[in-house]
Amino acid sequence: MTAISKIAATGTKTIFIDGESGTTGLDIVRRLGDVPAATLKSLPAELRKDAGSKKALLTEVDLVILCLPDAASKETVALVDSLDGHRPKILDASTAHRVAPGWVYGFAEMTPGQAAAIAKADRVANPGCYPTGGIALLRPLVEAGIIPADYPVTVNAVSGYSGGGKAMIADFEGGTGPSFELYGLGLEHKHLPELHKYSELKRRPIFVPSVGNFYKGMLVSVPLHLDTLPGKPKAADLHAALARYFAGAEQVSVVPMADDTSGRIEPEALNDTDQMELRVYGNETHRQAVLVARLDNLGKGASGAAVQNLKLMLGL
């Protein structure tokens, strides 16, 4: 009996994480401990860059998760394409395929039919942490016509340093990282293409990310001048549109405006969860509003989303 027939007989699904030693990969491994129907297969450390060993393992698994730099992700995809017979499904956690033709974007709550599209797909691009918050705030309002598709949108965000990879983690945990810094000020951050495309904006948004001296947690915010929007809506109208859009969503919630009276919000409250909270803050005297998304950049923003997607892709 082959490895693949054993999988069919036992009802379990096998997964290979290409790049399992990185921050996202390690967190996925931890989370898979709570998914008994999924079995993880690995290569010994000395064979992880051996193409022949990797190719042999790819023929034995149901799904491969790519936790790699973009170029390396493309190499593994090419290796899958070279296989005869069985080919595993691919879930790419890099930025290599997020706007590529033939790939389904892995934000399950983005549209009413997105989870079903992920479930049917052989190739899914796991979303970036920043775009997950930005798209959740913007797309419902663009679809509702509240924010015009050509509106000049600015997205600001702050993340914990775990989102910056091993080098940044080492800097902060070694005491050499700053307390806070803006980055991506060349306005070419790698998350911009997916933020632009899946928010359904025609005008490229300005995106200014930042990192703080805390391990994980994230806030994404969008400021708006209400009188520049069609129909001059109130902040409550924006809130109502978001609440309608995400009604019934298990992992995305819209916090009632009455619950947000302090005028303050910190980024770490959802750490170690796969939840995302959306908020609307408004000042009707000055006709201004700020949309805010809060999430764990390693939860709903990365590894949590990956596990959510692999469950959909494998029918678990």
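## Basis of the model

This is a predicted model, in which local features need pLDDT of at least 70, side-chain atom pairs count only at pLDDT 80 or more, and totals for chains, interfaces and linings use all residues. Residues are numbered from 1 along each chain as its sequence is written, and side-chain values use heavy atoms, with hydrogens and water left out.

Helices (H or I, at least four residues) and strands (E, at least two) are DSSP runs, numbered from the N terminus.

## The open sheet

An open sheet is built from 7 strands. Their order is β8-β9-β7-β10-β13-β12-β11, and the pairing is mixed. Two strands pair if DSSP finds at least two bridges between them. The edges are β8 (180–182) and β11 (252–254), each of which pairs on one side only. On average, neighbouring strands are turned by 20 degrees against each other, direction ignored. Axes here are lines fitted to C-alpha atoms, for helices over the stretch in contact, and angles run from 0 to 180 degrees between N-to-C directions.

E181 has V211 in β9 as its bridge partner. Helix α9 (residues 235–245) packs on the sheet. This helix touches β10, β11, β12 (276–283) and β13 (288–295), where contact means heavy atoms within 4.5 Å. The direction of α9 makes about 165 degrees with that of β12.

How many of the 7 residues of strand β7 are buried? The count is 5, so β7 (residues 154–160) is largely enclosed by the rest of the structure. Buried means under 20% relative accessible area, exposed over 50%, and partly exposed in between (1.4 Å probe, protein chains only).

β7 runs parallel to strand β9 (residues 206–212), and 7 bridges join them. N156 stands opposite V208 in β9. With strand β10 (residues 218–225), β7 pairs in the antiparallel sense over 4 bridges. There, S159 stands opposite M218.

## Aromatic pairs

A pair of aromatic rings is described by the distance of the centres and the angle of the planes. Rings of Phe, Tyr and Trp (its six-membered ring) pair if their centres lie within 6.5 Å; planes under 30 degrees apart count as stacked, over 60 as edge-to-face and the rest as tilted. The count comes to 5 aromatic pairs. One of them, Y105 with Y198, is stacked, at 3.9 Å centre to centre and 15 degrees between the planes. Y105 lies in strand β5 (residues 104–105) and Y198 in helix α8 (residues 192–198), so the pair ties together parts that are 93 residues apart in sequence. Y105 is buried at 2% relative accessible area, and Y198 is buried at 9%.

Y161 and Y215 form an edge-to-face pair, at 5.6 Å centre to centre and 80 degrees between the planes. Y161 lies in the loop between β7 and α7 (165–173), and Y215 in the loop between β9 and β10, so this pair ties together parts that are 54 residues apart in sequence. Y161 is buried at 9% relative accessibility, whereas Y215 is partly exposed at 33%. Ring pairs link Y161, F172 and Y215 into a cluster.

## The buried side of α3

Which residues of helix α3 (residues 51–58) are buried? They are S53, K54, L57 and L58. They cover an arc of only 135 degrees around the axis, so they lie on the same side of α3. The arc is that of the directions from the helix axis to the C-beta atoms. The buried residues of α3 pack against β1 (13–18), β2 (38–41), β3 (63–66) and α4 (70–81).
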